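Keep the structure open while reading.

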Amino acid sequence: MTMRTLDGRRFADMVQQGAAHLANNAKTVDALNVFPVPDGDTGTNMNLSMMSGAKEVKANASDHIGNVAAALAKGLLMGARGNSGVILSQLFRGFAKAVEGKQAVNSFEFAAALQAGVDTAYKAVMKPVEGTILTVAKEAARKAVEAAKKERDVIAVMEAALAEAKAALQRTPELLPILKEVGVVDSGGQGLVYIYEGFLAALKGEIVSAARAEARMDDLVKMVHHQSAQSHIHTDEIEFGYCTEFMVRFEPDKLAEHPFSEETFRRELSQFGDSLLVVADDELVKVHIHSETPGEVLTYGQRYGSLINIKIENMREQHANIVGKEAKTLPGVAKEEAKPYGIVAVVMGAGVAELFRSIGAHAIIEGGQTMNPSTEEIADAIRLANAETVFVLPNNKNIVMAAKQAAELSEQRVIVIPSKTVPQGLAALLAFNPAQSAEQNERAMTAALSRVKTGQVTFSVRDTTIDGIEIQKGDYMGLLDDRIIAADKDKLAVTKRLLDALIDEQSEIVTILYGEDATEIDVETVVAYLETKHDGVEVEVHNGKQPLYPFIISVE
């Protein structure tokens, strides 16, 4: 079988197959993440990003490859989550530009489009790192261009690209020492290989299976949400404020401990909120629920397997926005005047969110370690801030790129302060002065990032060895900025060692945000340790209510 030209219909099939194959292997990609923290994993981010692109392609069916590629680029752009998702969106943004206006492409044009995607992605990353998804994409495109000089068959060119992508993936540990130390290949590169495998399968007329519960649940969710009813209720009347959707891919070891019963699962989940829908098959279960405590819902679901396709939306903000839009269409209703400044912060935990609000944040995006917000979600929050200049605090290194991408989409002036942790975000917010110019605030807020040290205590999701520290699954770990400095079964022992590493003679203030997994006794023990061992520092304690991280510590 040969294929001389590639049209929109076949390319759309490639996108769907690539998305499905990635979705089926997202857990494998997640497992390749170097640091064993319960973070917004690469597989999850790439999967949600690619699904957004595939959804847009499906909604814009066409035989015109230029139109289909444009739809893919749009969907990826708006749905991009995490650094890997943003890079993926840039790869296909460049691809789309290269095939713009074309009904179909030949093998050479297809290869050139892959190369254009690589060029765009490299330009989008300020400091490209080799040994990542960028390298895999670059080498695959190079081989595709080389093959297209001799080969007119699009399938053969895709085969050459995939073969080189796999080879480049295996070479990533030689380019990134941390990959070699841990003994894994790059997670983003592996995700791209899965996408390309789906592409090739589609070109050959083969089928890659997708999740079964998805379509049935989507139809049910549509029945739950009636936007026309929004104007008949007040925002304060929404009892359960977070629309929470996720899927659980069953895992045998967890099912052995917690046998799954759909009836029991549904009954126990019902205590967390309302509008509950549960759809299950032999391999996974999908959930939709309106809850005030989405973190607890996710924790419950995780008893049965791994979480995938997570989406959490703040319905109070959505409702206020919807009602606001409706009001603007009414005769005689004036549009609310924009504020000079607005501040958007990405946070995890109700207590942390309230802390940011109390010191000046205008819009809060729930997300972070377990769920990176998409470009579209950040862009929506920027718009809801309703200000002439909006400062965005990502508070997570894996959200900075998505925030910058959202800023480019905004009609407002947007300044992204590259805060990589919650303590950095708090320091930047405290440095904001509404009486100063945007430029002065940008300088002051950015400078504040370097004046704070961040410590975090969390648990390991797998066994590994990093920097000579042996870590077992379930161990507590102490992270000083991006570096793991302690690991132990004892949470408090790790916390004390982390505090000792964070505090020096210049330290004046220690702020402790304790999470859902920290008890009152834990907090009292940590404070007592500080008063005894580091009595020269001032200690502030806040209930952050964040999941997964018992303690987040700021030292200034």
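A salt bridge here is a side-chain nitrogen of Lys or Arg within 4 Å of a carboxyl oxygen of Asp or Glu. Glutamate 139 and arginine 142 meet this test, with their closest N and O atoms 3.0 Å apart. The model is a predicted one. Both residues sit in helix H7 (residues 133–148), three residues apart, so about one helical turn separates them. Glutamate 139 is buried at 16% relative accessibility. Arginine 142 is partly exposed at 35%.

How many salt bridges does the structure hold? The count is 24. Another of them pairs lysine 453 with aspartate 504, at 3.3 Å from N to O. This pair links distant parts of the chain, 51 residues apart. Lysine 453 belongs to strand S11 (residues 453–459), and aspartate 504 to the loop between H21 and S16. Lysine 453 is partly exposed, with a relative accessible area of 25%. Aspartate 504 is partly exposed too, at 37%. Some salt bridges share partners: Glu139, Arg142, Lys143, Glu146, Glu164 and Arg171 are joined in this way into one network.

A further salt bridge joins glutamate 251 to lysine 27, with the closest N and O atoms 2.8 Å apart. Glutamate 251 lies in the loop between S3 and helix H12 (252–257), and lysine 27 lies in helix H2 (residues 26–31), so the pair ties together parts 224 residues apart in sequence. Glutamate 251 is buried, at 11%. Lysine 27 is partly exposed, at 37%.

Now turn to strand S3 itself. Nine of the nine residues of S3 (residues 242–250) are buried, so the strand is largely enclosed by the rest of the structure. In a regular strand, side chains alternate between the two faces of the sheet. In S3 both faces are covered. Tyr242, Thr244, Phe246, Val248 and Phe250 are buried on one side. Cys243, Glu245, Met247 and Arg249 are buried on the other.

Which strands pair with S3? Strand S5 (residues 284–291) runs antiparallel to S3 over eight bridges. Methionine 247 has lysine 286 of S5 as its bridge partner. Strand S6 (residues 305–314) is also antiparallel to S3, joined by eight bridges. There, cysteine 243 stands opposite glutamate 313.

Finish at the surface. Glu508, Glu538, Glu540 and Glu556 form a negative surface patch. Glutamate 508 sits in the loop between helix H21 (491–502) and strand S16 (509–514). Its relative accessibility is 55%, so glutamate 508 counts as exposed.

How values were computed
Residues are numbered from 1 along each chain as its sequence is written. This is a predicted model: local features need pLDDT of at least 70, side-chain atom pairs count only at pLDDT 80 or more; totals for chains, interfaces and linings use all residues. Side-chain values use heavy atoms; hydrogens and water are left out. Patches are made of residues with over 30% relative accessible area and no salt bridge: like charges are joined within 9 Å, nonpolar side chains (Val, Leu, Ile, Met, Phe, Trp, Tyr) within 5 Å. Accessible areas come from the Shrake-Rupley method with a 1.4 Å probe; for residues, only the protein chains shown count as cover. Lys and Arg count as positive and Asp and Glu as negative; His and the chain ends are not counted. The place of a charge is taken as NZ of Lys, CZ of Arg, CG of Asp or CD of Glu. Helices (H or I, at least four residues) and strands (E, at least two) are DSSP runs, numbered from the N terminus. Buried means under 20% relative accessible area, exposed over 50%, partly exposed in between (1.4 Å probe, protein chains only). Two strands pair if DSSP finds at least two bridges between them.
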